[in-house]
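Please open the model in your viewer and keep the selection tool at hand. The tour below moves from stop to stop, saying what to select and what is there.

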Amino acid sequence: MGADAAKGPEDRPVIVCGGGIGGLAAALALVRRGLSVVVLEQAPEIGEIGAGIQLGPNAFHAFDALGIGEKARSRAVYTDYMVMHDAIDETQVGRIDTGEAFRQRFGNPYAVIHRADVHLALLEGARETGRVAFHTSTRIERIEQDEAAGTVTAIDQHGHRWTGCALIGADGVKSVVRAQYVNDPPRVTGHVVYRAVVDKSEFPPELQWNAASLWAGPKCHLVHYPLRGGEQYNIVVTFHSRQQEEWGVTDGSKAEVETYFQGISPKARQLIELPKSWRRWATADREPIGNWVFGRATLLGDAAHPTTQYMAQGACMAIEDAVTLGEALRVTNDDWDAALQLYQKNRITRTARIVLSGREMGRLYHAAGVERLVRNALWKGRSQERFYDAMEWLYSWNVDNCLQQG
């Protein structure tokens with residue numbers, strides 16, 4: 001006790017609440033600044049659930065900045081294009097090529113990957129540093145700060161106190177850290193997402209495209225793309241629920257899914273017949289907030305900016321957050337107070353744009369009636385260069401410009 005008390009605040013580790021993608025990315029970014037990190041995870045093991053996610057060039061820029069670019073690249077599937085079809089009449093609404101011209105424009109590829117493979121790349125990178133300590137089955141219940149000492153302490157469910165020089169709340173969409181400092185309600189969307197992964201041998205040959213593919217239907221949509229070297233396919237279906245939803249994840253019911261996709265073309269509708277089991281997400285986001293910093297504590301990833309899935313950027317934003325935090329520490333010479341302010345200044349507007357754009361994309365995907373016809377006409381005749389111009393704000397992010405985004 002006496003030796004620990006003799007430590008100066010900057011000799012202490014950084015406490016990271018949450019061992020998901022955001023928490024591990026934060027740990028890696030901090031270790032690269034020469035800091036030690038303690039990761040507190042409430043689950044009994046460090047792992048990741050879910051299915052596939054999409055990775056824009058910005059994600060690969062972030063992986064490289066964290067030193068795990070090759071680990072992530074080796075597990076990804078590189079798509080040739082992104083495509084949207086109308087789920088009623090099967091017409092192509094828009095197609096964006098993600099081949100050589102795309103890579104030249106943005107400096108990195110577009111890819112799809114299993115969420116667990118992203119997590120594993122980050123976990124391997126963190127463990128290899130030898131400077132990240134992991135504690136599982138540790139549920140944080142409250143945070144205390146000693147301003148005079150310059151320390152922050154997380155208290156877990158057993159009353160154990162974890163003290164560090166700073167605390168990163170990377171504890172997800174139901175963040176305890178956010179609840180203590182902000183305590184704002186979630187915005188439940190009423191949109192339900194079903195996710196599953198099926199083997200290639202069970203996936204329709206006529207849909208085995210090397211693409212991130214979306215079928216847009218009235219008040220619903222379906223997504224599919226290859227995973228793990230093309231040996232599996234990710235399937236995601238989304239619909240507007242008829243019932244009052246509560247934010248959370250449960251096992252899904254095939255019978256429920258089938259009732260929401262009447263009128264969809266057989267080519268698209270066959271997707272919902274494939275999975276043997278589903279996981280069901282009742283989705284929500286939160287209104288963007290203008291402050292993530294509370295003394296020596298801050299928010300990161302879904303704890304800071306939970307969003308719907310429509311921009312396919314949730315994990316990407318968390319990894320960007322981590323890189324930006326590391327850069328903010330670098331340019332302020334590890335002055336935590338200055339670094340946290342610089343970090344949030346450069347992340348709040350960008351991540352809020354993702355949250356708000358996600359809401360608009362959800363409306364676009366689920367357009368019905370005349371609005372559907374307008375949606376289908378939006379991109380007719382648009383060149384690839386014009387598509388790339390529209391994506392510039394999102395995909396041109398990298399470690400060199402991450403502190404110029406605020």
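Axes here are lines fitted to C-alpha atoms, for helices over the stretch in contact, and angles run from 0 to 180 degrees between N-to-C directions. Helices (H or I, at least four residues) and strands (E, at least two) are DSSP runs, numbered from the N terminus. This is a predicted model, in which local features need pLDDT of at least 70 and side-chain atom pairs count only at pLDDT 80 or more, while totals for chains, interfaces and linings use all residues. Residues are numbered from 1 along each chain as its sequence is written, and side-chain values use heavy atoms, with hydrogens and water left out.

Select residues 314-331, helix α10, together with residues 336-345, helix α11: they pack at an angle of about 140°, with their axes 8 Å apart. That angle makes α10 oblique to α11, since under 35 degrees counts as roughly parallel, over 145 as roughly antiparallel, 65 to 115 as roughly perpendicular and the rest as oblique. Showing side chains, you will find Asp321, Thr324, Leu325, Ala328, Leu329 and Val331 of α10 meeting Trp336, Ala339, Leu340, Leu342 and Tyr343 of α11, where contact means heavy atoms within 4.5 Å.

On the α2 side the contact is made by Ile21, Leu24, Ala25, Leu28 and Val31, and on the α6 side the residues include Arg115, His119 and Thr129.

Now select the cysteines. How many disulfides does the structure hold? It holds zero, a disulfide being a pair of cysteine sulfur atoms within 2.5 Å. The sulfur of Cys402 has its closest cysteine sulfur in Cys316, 15 Å away, which is too far for a bond. Cys402 is buried, with a relative accessible area of 0%, and Cys220 is also buried, at 1%; buried means under 20% relative accessible area, exposed over 50%, and partly exposed in between (1.4 Å probe, protein chains only).

Finish with two backbone positions. Most residues other than glycine have a negative phi. Asn183, in the loop between α7 (176-181) and β13 (187-199), has a positive phi near 55° and is exposed at 61% relative accessible area. Ala312, in the loop between β20 (297-299) and α10, has a positive phi of about 55°, and is partly exposed at 23%.
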